[in-house]
Amino acid sequence: MLELLERPALVRGPVITHLPAQTMAVVYTVGNPEESEHRAMAALYSSFLEMRRKRLENGERLPIGVLRVRWLNSRDAPSHIWLGAWGLQIPSDVTSMPQVMHDLAVKVETWSYGTVVEIVHEGPRSAQEETLDELSHYIAQSEYTAVGEFEEEYQAPPRTICGEVTFR
């Protein structure tokens, strides 16, 4: 029998940094993240890959960036009704995305950033609360106030047992 082992969480950060605005391909979902992520990623990646294929025909190579998700109401709502904005960075000259899955629209938006606080969490989802508590404590100690949406950036797919996530 194969047993999955959880490695201890490794936390790096927090750090204050500045990020410029970025053009993003975005899909919106409502519901528990573990139930909505599959459809969101399927729509987002299939649309992105179609755009990438068309650009490759013109000789342009376009790497796939990391998946990001903004939880727009996570501070006020239970997880079964969270509004998620799932995004992939795209070139700034893109104004529309191919619609591969017609029941879930992929939009083009500019995500604003500015001064952000980031912390890296590596490990199981079950250990994320400690990382988020450290992030909140750091923000309070630095005399900053959290504004805007909570965002995760996945360095590994969200369903992996151990992955790296940047919280901002």
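Me: How far apart should the ends of helix 1 be, and what is the distance in the model?
Reply: The 25 residues of helix 1 should span 36 Å at 1.5 Å a residue, and the end C-alpha atoms are 35 Å apart, which agrees. The expected span is 1.5 Å times one less than the number of residues. Helices here are DSSP runs of H or I with at least four residues, strands are runs of E with at least two, and both are numbered from the N terminus.

Me: Where do these coordinates come from?
Reply: This is a predicted model, where local features need pLDDT of at least 70, side-chain atom pairs count only at pLDDT 80 or more, and totals for chains, interfaces and linings use all residues. Residues are numbered from 1 along each chain as its sequence is written, and side-chain values use heavy atoms, leaving out hydrogens and water.

Me: Back to helix 1. Which residues in it are buried?
Reply: Among them are Ser-36, Ala-40, Leu-44, Ser-47 and Met-51. Buried means under 20% relative accessible area, exposed over 50%, and partly exposed in between, with a 1.4 Å probe and protein chains only. In an α-helix there are 3.6 residues a turn, so residues three or four places apart point the same way.

Me: What covers the buried residues of helix 1?
Reply: The cover includes strand 2 (22-30), strand 3 (67-71) and strand 4 (83-89), going by contact, meaning heavy atoms within 4.5 Å.

Me: And what caps its N-terminal end?
Reply: Asn-32 does, with a side-chain oxygen 2.8 Å from the backbone nitrogen of Glu-34. Just after helix 1, Gly-59 takes a positive phi of about 85°.

Me: New topic: is Gln-22 buried or exposed?
Reply: Gln-22, in strand 2, counts as buried because its relative accessibility is 10%. Residues that Gln-22 touches include Arg-68, Gln-89 and Trp-111.

Me: What joins the side chains of Gln-22 and Arg-68?
Reply: A polar contact of 2.6 Å. That term means a pair of N or O atoms within 3.5 Å; within protein, one must be able to donate a hydrogen and the other to accept it, and residues adjacent in sequence count only if both atoms are side-chain atoms. Arg-68 also has a side-chain polar contact of 3.3 Å with Glu-153, which is found in strand 7.

Me: Is Glu-153 buried or exposed?
Reply: Glu-153 counts as buried, at 10% relative accessibility.
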